[in-house]
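Please read it alongside the sequence and coordinates.

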Amino acid sequence: MNPSAPDLIRAVAQCLARDILPRFETANWTASNVRSCLALLAHLEDRVASEGPMLHVDNQRLRDLLGEAARAPGVAAGLAADIDAALAAHRADGGYPPVAELAAANDAYRDLLERYIAGAAALRRAAGASRTPLDEAIRAHLIATAPLDFAPMARAAAMPAI
Amino acid sequence: MPDLTIPEVADYLGRHLGAPVSITSLRKTFPGISRETWLVQAEFSGAPHGFVVRVDPPGGPSVPQPLRQEWEVYRRLWTSPVPVAEPLWFDEGGDFAQGRPLMVRRLVEGTTSPPGITDEGPGSGERRRRVVYEHIEKLALVHQLDWKAHGLDAVLAAPDGPHDALAAEFRMWKSIWEDGRTAPYPLITEALDWLEENLPTDTPRLSLVKGNNGIGEEIWRDDRIVAMSDWELASIGDGVIDLAFSQGTLELHDFDDAIAHYERCMGETVSPQRLAFAAFWIPFKVIVCLNVFRLRRFMAGQDQRISALTHGLLSTAGCEYRLSTGIGRDIVEAWRSGPRQNQSVYAALGDAK
């Protein structure tokens with residue numbers, strides 16, 4: 001089996017760290033740029049292996065939450081229509097979706113989710129109401145996925161950023 | 001974009017000072033991302049002089065506030081009890097440094113960190129206590145300053161009153177975020193909802209707030225702060241913001257004792273609600289700076305520095321994760337049970353004086 005994408009990224013990073021960075025130890029700004037590249041490569045190495053499956057799982061859950069949000073009491077008609085349109089536009093066709101397609105769908109879903117969260121908060125404050133089960137489900141989903149989203153960043157984020 | 005060169009700096013300073021200037025050394029500080037800081041040693045009129053040229057990066061600063069505002073804060077503080085380097089002039093739009101906004105101030109001898117402050121040895125703990133107390137006392141000086149008397153409300157927006165201090169800050173930064181973020185961030189939207197539910201209203205007074213402060217920010221000499229530097233995030237509001245933005249300085253000593261000393265200096269208590277809110281608020285402000293003012297500019301081709309990506313993606317992710325640990329919980333309990341700020345979230349910007 002030939003080297004995988006993470007193997008290739010790791011090899012580039014090792015070359016930079018072993019052969020290039022030591023030559024610039026006294027040039028702060030140049031060394032800093034190389035360290036930034038190394039941190040980004042570490043992130044890429046972890047991201048390419050997990051991005052597709054993570055987006056796929058997140059999109060499924062977001063589709064469920066947004067489907068519920070579109071029918072929630074008080075939700076703005078425009079938001080409900082946008083949710084329906086997005087869910088239709090990004091419906092899986094059964095094929096293996098490219099990561100870029102998954103990411104575009106995820107961005108659209110996250111944008112709609114943001115709009116729902118902001119709208120629901122405004123409604124609650126205006127009515128002095130408490131959080132709904134859907135509000136809690138969305139919050140729980142976001143808190144639960146935060147460590148998963150951070151995982152491909154964690155190793156890189158611990159490296160010198162400058 | 002080329003760095004500044006000795007001939008052009010000599011020519012520029014000479015024109016401003018009205019006398020030929022000879023540059024003996026010119027160095028861009030490292031780190032220093034939000035704005036470029038150039039240390040200049042020069043000779044003119046037969047005497048040595050040190051200058052600091054602070055200039056916006058080619059792609060713009062990493063903060064919302066323009067350099068002119070920072071300059072105006074310096075100018076007003078120079079005549080106040082708060083120690084700052086002498087501001088000399090502000091300039092922009094000329095033929096020097098591609099017309100980027102810049103300010104020149106006099107160089108203050110010292111370092112941005114007391115040398116060996118984290119070393120262990122006899123008396124090292126007591127030394128760190130003294131350094132933390134020194135920092136607290138200078139922050140208290142800032143927070144007790146009569147900002148109206150020094151005209152700071154002419155350049156910094158003042159909230160309606162102490163009760164509105166943190167709410168005004170919340171509204172301003174939330175607005176910048178919503179207008180400028182690079183992508184949807186539902187977790188941050190949720191965090192903002194949670195923070196808004198927990199907005200303290202018990203701010204005892206409106207203070208001048210420095211913004212990022214502490215080790216790595218101020219100029220230290222013999223374990224004393226001789227100049228408070230980098231006022232890029234200065235505002236009028238609740239001083240508790242500074243306690244949470246001290247780059248880990250307060251944790252060099254016992255944090256609770258540091259706060260107790262601050263309370264003694266100020267003659268007023270700091271509620272746990274304010275401390276907890278500020279501790280979760282600062283990561284959000286850092287996210288705004290890194291995303292809106294670094295990552296967005298990189299994506300637009302305005303800032304080509306690779307660190308815009310490391311900060312805009314990786315450092316932001318760390319702050320976002322920190323926020324996620326509090327959402328929905330009692331904010332004081334979440335703050336007390338979470339990791340204390342033993343290193344700066346803002347230091348990722350690598351500012352330097």
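The text below covers the nonpolar cores, then a cavity, then the interface.

The model is predicted. Its largest nonpolar core comprises 102 residues, and within that core Trp231(B) and Leu243(B) have the most contacts. The biggest contribution, 15 residues, comes from helix H8 of chain B, which spans residues 272-299. Leaving aside residues up to four places away in sequence, Trp231(B) touches Glu70(B), Val73(B), Tyr74(B), Leu77(B), Val82(B), Val84(B), Val142(B), Leu208(B) and Lys210(B).

| Core | Residues in core | Residues named |
|---|---|---|
| Largest nonpolar core | 102 residues | Trp231(B), Leu243(B) |

In soluble globular proteins, nonpolar side chains tend to be buried together.

Three cavities of 30 Å³ or more are found in the structure. The second largest cavity has a volume of about 60 Å³. Its lining is made up of four nonpolar, four polar and four charged residues. Among the residues that line this second largest cavity are Arg205(B), Asp238(B), Glu268(B) and Arg274(B), together with Pro204(B), Tyr262(B), Met266(B) and Val270(B).

On the chain B side, Phe30(B), Pro186(B) and Leu314(B) supply 24% of the area that chain B buries against chain A, more than any other three residues.

Conventions: Residues are numbered from 1 along each chain as its sequence is written. Chains are lettered from A and ligands numbered from 1 in the order in which they are written. This is a predicted model: local features need pLDDT of at least 70, side-chain atom pairs count only at pLDDT 80 or more; totals for chains, interfaces and linings use all residues. Side-chain values use heavy atoms; hydrogens and water are left out. A nonpolar core is a set of buried Ala, Val, Leu, Ile, Met, Phe, Trp, Tyr and Cys residues joined through side-chain atoms within 4.5 Å. Buried means under 20% relative accessible area, exposed over 50%, partly exposed in between (1.4 Å probe, protein chains only). Helices (H or I, at least four residues) and strands (E, at least two) are DSSP runs, numbered from the N terminus. Contact means heavy atoms within 4.5 Å. On a 1 Å grid over the protein atoms alone, a cavity is a set of points where a 1.4 Å probe fits but cannot get out, and a pocket is an open set with protein on both sides within 12 Å along at least five of seven lines; lining residues have an atom within 4 Å of a point. Grid points are joined across faces, edges and corners, and a volume is the space filled by probe spheres set on the points. Ala, Val, Leu, Ile, Met, Phe, Trp, Tyr, Cys and Pro count as nonpolar, Asp, Glu, Lys and Arg as charged, and the others, Gly among them, as polar. Buried area is the accessible area (1.4 Å probe) that two parts lose on being put together, summed over both.
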